[in-house]
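Biologist: I would like to go through this model feature by feature. Please give the general idea where there is one, then the case at hand.

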Amino acid sequence: MVFEPPQRLVRALGETAPDGDDWLEKLPEAAQQAVALRELTVERVQVPGGRSSLVVLVRTAEGTPAVLKLAPGRARPEAERAALAHWDGRGAVQLLEPFSAEGVLLLERLHPDVSVRSLPEAKALLEAAGTLRRLWVEPPADFPFETVAERTGRQAEAMRARAQADPGVAPLVDLALAARAELLAAPPEHRLLHGTFRQSKVLGGERMPWLAVGPDPVVGECAFDLARLVRDRVEDLIAQPSGAATTRRRVKRLAESLDVDQERLRGWTLFRAVESGVRAGRVGRPRDAELLLEFASWL
């Protein structure tokens, strides 16, 4: 089988490595080797798939449905492996192979085309929040993960540079950076976080109705993790005449349901929306940038 990377993956990797690298060129051969080494039977490449990895639906030599995932080093697949091993199937997809080649993960097969995003909005938020709560555990000793301070520090540098190049975003960037500084001064807890949690990252399963996939794990406070969920279906929020009020109610409802401080959730939601909007503008996605920055202005 020829392992052709989906166009969504090609475009996304082009954004994160605009000068290119050889990972995509080597991907078909790497996928063939990974399949042969594990004696897997390939069913199909998942399309449109993710933005940071090739996802292949396979069966093991025993006939068990599974997922083979290949990701470049900049997507931090070894951190994902460490987080999945620590969760050990509690709230997240099960790692089937604790140790394997770098950048290759063999995972439990979920229902790849069924996410909580398919549910009505209120139900989707409820199920997603319940899944997220199970992931917030103490990190392992000597954890191999970035902290929230480290990750947002890198992001803050890029935001400042963008604000200098585009003064129009400077006011929101200043607000977001001020919120970050205040939030990092006294974090209330230290937990292992999913890092990129949203409705589309929660898939239907057999062991449990819903399980999280695709973490980019980080260690820090729970409000940081929940912040990305606040802006889910941002296109729908922007289209509503009452979008700003709906957003504020969502912050309140999610904070209360997961025992997270409402103001801290609002602050991290602001920072993460501005960071995503600034990044979208930088890589040539002006429509996404406009939506995210308008959303951020409501906070």
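Modeller: Pro48 sits in the loop between strand E1 (41-45) and strand E2 (54-59). The model is a predicted one.

Biologist: What kind of peptide bond joins Val47 and Pro48?

Modeller: In general, most peptide bonds are trans. The bond joining Val47 and Pro48 is cis, with omega about 5°.

Biologist: Which loop holds Glu39, and what is the phi of Glu39?

Modeller: Most residues other than glycine have a negative phi. Glu39 has a positive value, near 55°. Its place is in the loop between H2 and E1. Glu39 counts as exposed because its relative accessibility is 56%, and the cut-off for exposed is over 50%.

Biologist: And where is Asp88?

Modeller: Asp88 is in the loop between helix H3 (77-87) and E4. Phi is positive for this non-glycine residue too, near 50°. With a relative accessible area of 43%, Asp88 is partly exposed.

Biologist: In which sense do strand E3 and E4 pair?

Modeller: First the general idea: in a regular strand the side chains alternate between the two faces of the sheet. Here, strand E3 (residues 65-70) pairs with E4 in the antiparallel sense, over five bridges. As one case, Lys69 has Leu105 in E4 as its bridge partner.

Biologist: Now the second largest pocket. How many residues line it?

Modeller: The lining of the second largest pocket has 13 residues, and those nearest its centre are Ala30, Leu70, Ala101, Glu102 and Val104. The space in this pocket is about 200 Å³.

Biologist: Which element gives the most to that lining, and how do the residues of the lining divide?

Modeller: Helix H2 (residues 23-38) gives the most, with seven residues. By type, the lining has nine nonpolar residues, two polar and two charged.

Biologist: Which residues of H11 are buried, and what do they pack against?

Modeller: In H11 the buried residues are Ala289, Leu291, Leu292, Leu293, Phe295 and Ala296. They pack against helix H6 (170-185), helix H7 (222-230), helix H8 (234-239), helix H9 (243-257) and helix H10 (262-282).

Biologist: Which residues are buried in H5?

Modeller: Val148, Arg151, Thr152, Gly153, Gln155, Ala156, Met159 and Ala163 are buried in H5. What covers them includes strand E6 (146-147), H6, strand E7 (191-193), strand E10 (218-220), H7 and H10.

Biologist: With which residues is Glu275 in contact, leaving aside neighbours within four places in sequence?

Modeller: Glu275 is in contact with Gln155 and Met159. Gln155 and Met159 are both among the buried residues of H5.

Definitions and conventions
Residues are numbered from 1 along each chain as its sequence is written. This is a predicted model: local features need pLDDT of at least 70, side-chain atom pairs count only at pLDDT 80 or more; totals for chains, interfaces and linings use all residues. Side-chain values use heavy atoms; hydrogens and water are left out. On a 1 Å grid over the protein atoms alone, a cavity is a set of points where a 1.4 Å probe fits but cannot get out, and a pocket is an open set with protein on both sides within 12 Å along at least five of seven lines; lining residues have an atom within 4 Å of a point. Grid points are joined across faces, edges and corners, and a volume is the space filled by probe spheres set on the points. Helices (H or I, at least four residues) and strands (E, at least two) are DSSP runs, numbered from the N terminus. Ala, Val, Leu, Ile, Met, Phe, Trp, Tyr, Cys and Pro count as nonpolar, Asp, Glu, Lys and Arg as charged, and the others, Gly among them, as polar. Buried means under 20% relative accessible area, exposed over 50%, partly exposed in between (1.4 Å probe, protein chains only). Contact means heavy atoms within 4.5 Å. Two strands pair if DSSP finds at least two bridges between them.
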